[in-house]
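Please look over the sequence and the model before reading on. The report takes up the overall build, then selected elements and residues.

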Amino acid sequence: MSAGTLKYRGPLSGLSPEARRRLLERSGTSDAQVAERTRELIARVRQDGDAALLEMALQFDRARLSSLEVPRARWEEALAALKPEVRSALERAARNIATAHRAQKPQAIEVETEPGIVVGRRPDPLGRVGVYAPGGRAVYPSSVLMGVVPAKVAGVGEVIVCSPPGPDGLPAAGVLAAALLAGADRVFALGGAGAVAAMAYGTQSVPRVDRIVGPGNAYVAAAKLQVVDAVAIDAPAGPSEILVVADGSADPEAVAREMLAQAEHDPDACCVTLAVGQAQADAVAQAVERASARARRREIVSTSLRERGAVLSVDSLEEAWPFVSAFAPEHLLLATAAPQEHLARVRHCGTVFLGERASVAFGDYMTGANHVLPTAGLGHAYSGLSVLDFYRWTAWQRVDREAAARLAEDVGTLADSEGLFAHAEAARAWRHS
């Protein structure tokens, strides 16, 4: 079922077990060498602090730094140098992200479970959050907005950004400009596993944070998984992916554009279309082949599609839904005549785009939804980044005198049954309060 530009073609029902496994098991777990090297880097930062970070900047980024923190004046210079149209687009994106995430803010709750017994829960913003912003080939100012703006909306006390320095000792100008627009409090010229370790454990210059969010390379992903004993993280992230469900109403050219938009991210990206009917599948595959031939990032696109690209036919939409659920894509595009009607069928994905006009590119940049999303099937258990990731909850309970007397004996009975006799004594002391 392998053909030309795409790794897999033909009916979904005809996929071999090995091909199905390869599409469904898209693990982003780092290999043993990356994990071991990451452990060594984290240990260096924990032991030597800033000195280790300065050595790593020289070793990995070829940057000789005198200070890890980037002065705010450099952010302002980067923003002033930004092309007006780029600045305007970033400002629009930031406004929309803020609007969407303000609507997600949680509320305190209080409930009386029995007369005189009140249980409550209050959302409290985190004290400090770290946002990782990639550098080098993958410079995405939009990802800075996606991490910083929701944290500020939530009321996080301090938001720091870490991004690798270039040869001039500074992170990419777009990252610095976006940090200023988004409202970040501090920026550090730090990249890779060292940056994650610094944010997780703290150094002389870098403050310890409560949560680390943001995408990165294999070493960043491995480091985040290795510091979870000290700090909360967002969902582990892997290469980009899209699953398109296209019925006969879909424009094959539009579907092809969406597949290429994700394929150009990474040679390991996974791009799949389920098309209703063999004729529609053939039309989509041909459109993908034409678009791939003229892609500006052709080498990356071609590798991605050749290794993990698929256009598969199904006899009906009903046949598609079990695969959609099993795949749990980062991006799910419903290019169907009535996408809203199908939304209820979807449970496991990062985000859903309803109709071919709802291009994934719009969501990546401008709709206000967050583009930091679970990949590799983790949509079964994780959600995309949201304002909720920047809170912790303070739970509390209140019991009045009469309620304490009513609770005492039943609680004592349960505590005795579990062998916790001091618990039982503490409860029964209130029987005659």
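What follows is a short report on this structure.

## Basis of the report

This is a predicted model, in which local features need pLDDT of at least 70, side-chain atom pairs count only at pLDDT 80 or more, and totals for chains, interfaces and linings use all residues. Residues are numbered from 1 along each chain as its sequence is written, and side-chain values use heavy atoms, with hydrogens and water left out.

## Overall build

The protein has 17 helices and 14 strands. Both are DSSP runs, numbered from the N terminus: helices are H or I with at least four residues, strands are E with at least two. Along the principal axes, the C-alpha atoms fill a box of roughly 80 × 60 × 45 Å.

Of the 433 residues, 49% count as buried. Buried means under 20% relative accessible area, exposed over 50%, and partly exposed in between, using a 1.4 Å probe and protein chains only. Contact means heavy atoms within 4.5 Å. Among contacts with a separation of 6 or more, 73% join residues 24 or more positions apart.

## Surface and charge

The accessible surface comes to about 20,500 Å². Carbon and sulfur atoms hold 51% of this surface. Accessible areas come from the Shrake-Rupley method with a 1.4 Å probe; for residues, only the protein chains shown count as cover.

The protein carries 46 positive and 51 negative charges, and their mean positions are 4 Å apart. Lys and Arg count as positive, Asp and Glu as negative; His and the chain ends are not counted. Each charge is placed at NZ of Lys, CZ of Arg, CG of Asp or CD of Glu.

## Cavities

The structure holds two cavities of 30 Å³ or more. A cavity is a set of points, on a 1 Å grid over the protein atoms alone, where a 1.4 Å probe fits but cannot get out; lining residues have an atom within 4 Å of a point. Grid points are joined across faces, edges and corners, and a volume is the space filled by probe spheres set on the points.

The largest cavity has about 60 Å³ of space. Its lining includes Gly214, Pro215, Gly216, Ile233 and Pro236. Helix α9 (residues 218-226) gives the largest share of that lining, four residues.

## Helix α8

Helix α8 (residues 192-201) is largely enclosed by the rest of the structure, because ten of its ten residues are buried. Among them are Gly192, Met199 and Tyr201. The buried residues of α8 pack against helices α2 (32-48), α3 (50-61) and α9, and against strands β4 (128-132), β5 (158-163) and β7 (211-213). Gly202 follows α8 and has a positive phi, near 80°.

Gly309 is found in strand β11 (residues 309-314). Gly309 is buried, with a relative accessible area of 0%. Leaving aside neighbours within four places in sequence, Gly309 is in contact with Leu6, Lys7, Tyr8, Cys271 and Ser304.

Gly363 lies in helix α15 (residues 360-365). Gly363 is buried too, at a relative accessible area of 6%. Not counting residues up to four places away in sequence, Gly363 touches Met146, Phe353, Ala369 and His371.

## Positive phi outside glycine

Arg62 has a positive phi near 55° and is not a glycine. Arg62 sits in the loop between α3 and α4 (72-81), and is exposed at 74% relative accessible area.

Ala328 is not a glycine either, yet has a positive phi of about 45°. Ala328 lies in the loop between α13 (317-327) and β12 (331-335). Is Ala328 buried or exposed? Ala328 is buried, with a relative accessible area of 0%.

Methods:
On a 1 Å grid over the protein atoms alone, a cavity is a set of points where a 1.4 Å probe fits but cannot get out, and a pocket is an open set with protein on both sides within 12 Å along at least five of seven lines; lining residues have an atom within 4 Å of a point.
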